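Thanks for coming. Please have a look at the structure on the screen, and then I will go through it chain by chain.

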Amino acid sequence: MSGLRLEGLVAGRLSRSGGGFRLPPLDLTIEAGKVLALIGPNGAGKTTLLKTLAGLLPPLAGAIVDTGAPAYLPPPGAVSAGFSVLHLTALGRARLRRWSPGLTPDDLDTARAALDRLEVGHLADHPFDRLSSGQQQLVLIARLFVQDAPVCLLDEPLALLDPAHAQAVEAAIQALAAEGRVVVASTHHLPFAARADRVLAIGPDWMEIGTPAEALVPDRIRALFGVEVSGCPCCGQALS
Amino acid sequence: MAANQLRRTSMLTTRRSALIGAGSAMTLAACGSRSPRAAGDVIAAGQPAALLIWAVARDRLAGWPRRPSTGALAALPDLAATLPELGALGGGGQPANLEAMAALRPRLVIDYGDTDAEDHALGDRMKTRLGVDWRLIDGALTKIPEAIREAGELLDVSRSVAGLADEAAAVLDRWHRAPAGSTFYYARGVDGLETGFQGSLATEAFEGAGWTNVAGESRDIGRVTREQVAAWDPEVLVTMSPAFTESVRHDPVWRTRRGGQRRRLLLLPDHPFGWIDRPPSINRLLACAWLADPEGAPLTIAGLSRRLYGMVPAEVPMPQWIR
Amino acid sequence: MSRLRGSLLPALLVLLTLAGAFLVLATGPLGVTPDALLTAVAGQGAPEAELALALRGPRLLAALTCGAALAGAGAGFQILFRNPLAAPDLLGVSSGAGLGAALALLLGAGAALVQGAAFAGGLAAGTLALACAALTRSGDGRLALILCGVVAGALASAGLGLVVVVAEPYSQLPSITYWLLGSFTRATMPEAVGAVVPVAVGAAALIWLGFRLDILSLGDEQARSLGLPARPLRLLALAAAALMTSSAVAVAGVVGWIGLLAPHAARLIVGERAGRLIPASMALGGLFALVIDRLATAFGPAEIPVGLLSAAIGAPAFLILFVATSRRS
């Protein structure tokens, strides 16, 4: 696990009618085991950047130095499946099963272990669609563990979650990073950003990277969101 | 999907009439400037009627409801090929078709076939729409001589058809008195799994001559399985399809009977028109003549073919027993 | 409990299929006793028993193949498109096959050629739908596929309508109509075996795809994120389903509702995972086909087209299933 390096990466979308947008070029290196939080107003391009890092969208310029296959997690509610939680988690091993006709019992065991680790093992045989948002999110992060990708890209992983599940998900994200992966997560939940290792702020036409202490001072936040905040805008916790 | 197919089948005639009628109307309009030949002024409501009119007074036929195949046209006099295709008038006429017909200024429409109340009602409707006299003649096999005479009267050729009517009556008489024949199965279509059950129009010629149709317990035309045919164990397979003949002549499933003997295979001619079917009209007389007297038949059949169709005697096809 | 079900169920399905097969082989108008039939299977039977076997064998094979193929293709489509109403005719394959057969019958071709033409027609319609959908490049293309499939099917149906209008009413038209309404009895052994091969290939592909189909059903983004080449695999799945459907229609005509009903019933028993749903659907589809095949000749010598029977039985059965499952959830 060697970390993530971007060289002059320009993420953006080009639409055929000449609209679209492009983000400023990004030169960045994140070591393995670190969490990078992406903050910015809606529509700034956080999702676009994440998808570009994931390889789902082509970059408009620049390069991502090859670090191995990334894994992308869409916002809560985007994944829907009728089969069991255990099967969905075990699907994380699909990359290893290039040619074989099915998942092995080993895959199922790995999945079960990951679910247990995040304390949702008791849901293994439930249909995924019947779970609450928080439970689904924990299952999907368990799948990220199973997938064992060196770079994990999460789009607003804490959205729509109650405080208990939000805490559990944040702990899981930290655990993902602790095992040597690079985790990039976009969020509106500023206390989470405060506990990350680095923060990348995406403004209307600028990007700034720094430590949480640098990025989350009131006038940087005012410049980013255009509003005065003393605590977290979404839950009111103090920022520190 | 199945329901759609059935609906399409029942709408067949009207749709085809519309297409053909439109085409004919345009052709006639285009040819309008040339000097018209003495066009026929009698319209046939269906192919059976067309054959009747052709036999009785072919110069009066305005057109074919369905154009005969190229092979059939080759066997008929040249006049046949010059007649336009008009479509059939069954099941509610289409405006385009009626216009094409009206453009020919017909004086009479003859329908030949079933005489149920429905067909009479259809005739009345058509009479009002076309403004032309409509006559329905009973198409039963046993009434062919009467049908010929009636058509002759309608077309003012009573004297010349008297001979044909008498000959038809004589054929039918011999046909009635034919000795009992074999058990048979009528294999219709290319795969032979469609048949006419006992009492159907298609098998009437054979049944009336003392042959026994093995297909019972149902009516008219229907599909059966090969196993059912094997269970019925007919002595003879009767078919008008050369393709079917080719595919089964060496097939033991079809050719071997229960006791191990070889089942006989009879291929009836279908040029210019089928001998027992397609269409079920006066062409069935040929089958009756042959069934009445298979040995002495060639002369009678040649004569009948000449009078019915205008065929040259040397080219008259005969039934073949396939080895 | 579910582990027990897991091992009992395949055994049960196999048993039922064998029972159904025995029923088809042992009954029929050529009243042959079962022991005579057994000696015929061994190759030393009386001529009549040999004949019965020679006639009923292809029928059994055609029914099983057609039922399994349509059910497997239907299950595949339902998983890929996340749509419980997806049927094997999604890409217009059935309509294309019907058109191919009708054209061949119009030109007076023999049975084997009609089957080949139907197979080719089905594949042509499917290819047309896939090619048109590929041109659109929108997202994961599922909507484009459905639309292009509808268009291909509509074109084929229009062509079929034209053939019906032009066909000779006394012989060609009844042949075409009966062919389209479906029958398991017209195939000879070589034709039935010829149908098995494409179905086996398609089924093998779908079963191998197994969990990959589950991933594909999550959408292209998820699939790629999990490391799968989404487009080629989806193309493989669609091609396999088209192959199976074409072959089924080519050997037996258009038999509807099996492809819709069997996956729903299978889902109730084995759940949503493709790895189990596809084989279970195929087994149930084969059984359903055996049942309607038996019924086709149970009411007198005239054969009831199996397409009509499958609709008459399948549609109400589907309704009952649907009501039962929606009550449950």
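In chain C, residues 24 or more positions apart account for 75% of the contacts with a separation of 6 or more. Two residues are in contact if their C-beta atoms, placed from the backbone, lie within 7 Å. What you see is a predicted model, in which local features need pLDDT of at least 70 and side-chain atom pairs count only at pLDDT 80 or more, while totals for chains, interfaces and linings use all residues. Residues are numbered from 1 along each chain as its sequence is written, and chains are lettered from A and ligands numbered from 1 in the order in which they are written.

Let me stay with chain C. How many helices and strands does chain C have? There are 13 helices and 0 strands. Helices (H or I, at least four residues) and strands (E, at least two) are DSSP runs, numbered from the N terminus. The C-alpha trace of chain C spans about 65 × 60 × 35 Å along its principal axes. A compact globule of 329 residues would have a radius of gyration near 20 Å, and chain C, with 20 Å, agrees with that. That radius is taken over C-alpha atoms, and the globule rule is 2.2 Å times the number of residues to the power 0.38. Of the 329 residues of chain C, 57% count as buried. Buried means that 20 or more other C-beta atoms lie within 10 Å of the residue's own, exposed means 12 or fewer, and partly exposed is in between; the C-beta atoms are placed from the backbone.

Next, the chain pairs. Which of the 2 pairs of chains that touch has the most contacts? The answer is chains B and C. Here 36 residues of chain B are in contact with 39 residues of chain C. On the chain B side, two or more residues each come from α1 (2-10), α2 (12-31), β7 (221-223), α11 (226-232) and α12 (242-248). The largest share, 5 residues, comes from α11(B). Chains A and B, in contrast, have no contact, and their closest C-alpha atoms lie 31 Å apart.

Now the sheet in chain B. It is open, with 3 strands in the order β1-β2-β3 and parallel pairing. Strands pair if DSSP finds at least two bridges between them. The edge strands, β1 (42-44) and β3 (133-138) of chain B, each pair on one side only. Between β1(B) and β2 (residues 108-113) of chain B there are 3 bridges, and Val42(B) has Leu108(B) as its bridge partner in β2(B). Helix α8 (residues 144-154) of chain B packs on the sheet, touching β2 and β3 of chain B, and its direction makes about 165° with that of β3(B). Helix α7 (residues 117-130) of chain B also lies across β2 and β3 of chain B, at about 160° to β3(B). Axes are lines fitted to C-alpha atoms, for helices over the stretch in contact, and angles run from 0 to 180 degrees between N-to-C directions.

A word on confidence. Chain B averages a pLDDT of 80, and 85% of the residues score at least 70; pLDDT is the predictor's confidence in each residue, from 0 to 100. Over residues 5-37 of chain B, pLDDT stays under 50.

Last, chain A. Strand β1 (residues 4-10) of chain A pairs with β6(A) in the antiparallel sense over 4 bridges. Arg5(A) has Val65(A) as its bridge partner in β6(A). Strand β6 (residues 61-65) of chain A is hardly covered, with 0 buried among its 5 residues.
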